[in-house]
Amino acid sequence: MDPFYFKSYDRLIGVACDLESLVTEMKCLSDYDYDAVNYHILNGHISMWLNYMGFPELAEGIKMASSPEKAIKMIKSFKKGKKGVGSNGMSMGKKVTEHKRGSKSKTE
């Protein structure tokens, strides 16, 4: 998966590869270049990346964030609610089984 690149005009100012590094970068860059982080939030760049990374619900929520602080809060809340969930969005420790007819069933 491609990382998210925080840019300010023609300068690269930060890189995020997952939700944890996204929060870290947003916190750090908010002190360094608040307007750049806010620009990426308000213009939907972070939402598009989150959707690409497989977090459509979070992507939709971030679209409504009006500041880096609110976006960070949403991401932290999302992470807290997703403990035990793998990167593909499936709950950890559950597997798909097959019925007698060979079709996939619900998780056990």
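Buried means under 20% relative accessible area, exposed means over 50%, and partly exposed lies in between. By this scale, C28 is partly exposed, because its relative accessibility is 48%. C17 counts as exposed, because its value is 51%. The structure holds zero disulfides, according to a search of the whole of it. The model discussed here is predicted.

## Overall layout

The protein has four helices and four strands. Read from the N terminus, the order of these elements is β-β-α-α-α-α-β-β. Of its 108 residues, 35% count as buried. Among contacts with a separation of 6 or more, 42% are between residues 24 or more positions apart.

## The nonpolar core

Nonpolar side chains tend to be buried together in soluble globular proteins. In this model the largest nonpolar core has 25 residues. The residues with the most contacts inside this core are F6, L22, M26, I46, L50, L58 and I75. Two or more residues come from each of β1, β2, α1, α2, α3 and α4 (68–81). The element that gives the most is α1, with eight residues.

What does I46 touch, leaving aside its neighbours within four places in sequence? The contacts of I46 are F4, F6, L22, M26, H40, I41 and I62. Among these, F6, L22 and M26 are also listed with I46 as residues having the most contacts inside the core.

## Helix α2

I46 is also one of the buried residues of helix α2, which spans residues 45–52. Viewed down the axis of α2, the buried residues fall within an arc of 165°, so they line one face of the helix. The residues of an α-helix that are three or four places apart point the same way, because there are 3.6 residues a turn. The cover over the buried residues of α2 includes β1 (4–8), β2 (11–16), α1 and α3 (56–62). Just after α2, G54 takes a positive phi of about 100°.

## Helix α4

Helix α4 has 14 residues. From its first C-alpha to its last, α4 reaches 20 Å, close to the 20 Å expected at 1.5 Å a residue. Its buried residues are P68, A71, I72, I75 and F78. Seen down the axis of α4, these fall within an arc of 125°, so they line one face of the helix. They pack against α1 and α3. On the face turned away from the buried side, α4 carries the exposed residues K73, K80 and G81.

N38 lies in helix α1, which covers residues 19–42. Is N38 buried or exposed? N38 counts as buried, because its relative accessibility is 15%.

## Aromatic pairs

A search of the whole structure finds three aromatic pairs. Two of them are set out below.

| Pair | Geometry | Centre to centre | Angle between planes |
|---|---|---|---|
| F4 and F6 | edge-to-face | 4.8 Å | 80° |
| F55 and F78 | edge-to-face | 5.7 Å | 85° |

Why does the pair of F55 and F78 tie together parts that are 23 residues apart in sequence? F55 lies in the loop between α2 and α3, whereas F78 lies in helix α4, so the pair ties together parts with that separation of 23 residues. F55 counts as buried at 17% relative accessibility. F78 is buried too, with a relative accessible area of 14%.

In the other pair, F4 is buried with a relative accessible area of 7%. F6 is buried with a relative accessible area of 0%. Ring pairs link F4, F6 and W49 into a cluster.

Methods:
Residues numbered from 1 in each chain as written. Predicted model: local features only at pLDDT ≥ 70, side-chain atom pairs only at ≥ 80, totals over all residues. Heavy atoms only, no water. Buried < 20%, exposed > 50% of the residue type's maximum accessible area, 1.4 Å probe, protein only. Arc of directions from axis to C-beta. Contact = heavy atoms within 4.5 Å. Disulfide = S-S within 2.5 Å. Core = buried A, V, L, I, M, F, W, Y, C linked by side-chain atoms within 4.5 Å. Expected span 1.5 Å × (residues − 1). Phe/Tyr/Trp six-rings, centres within 6.5 Å; stacked < 30°, edge-to-face > 60°.
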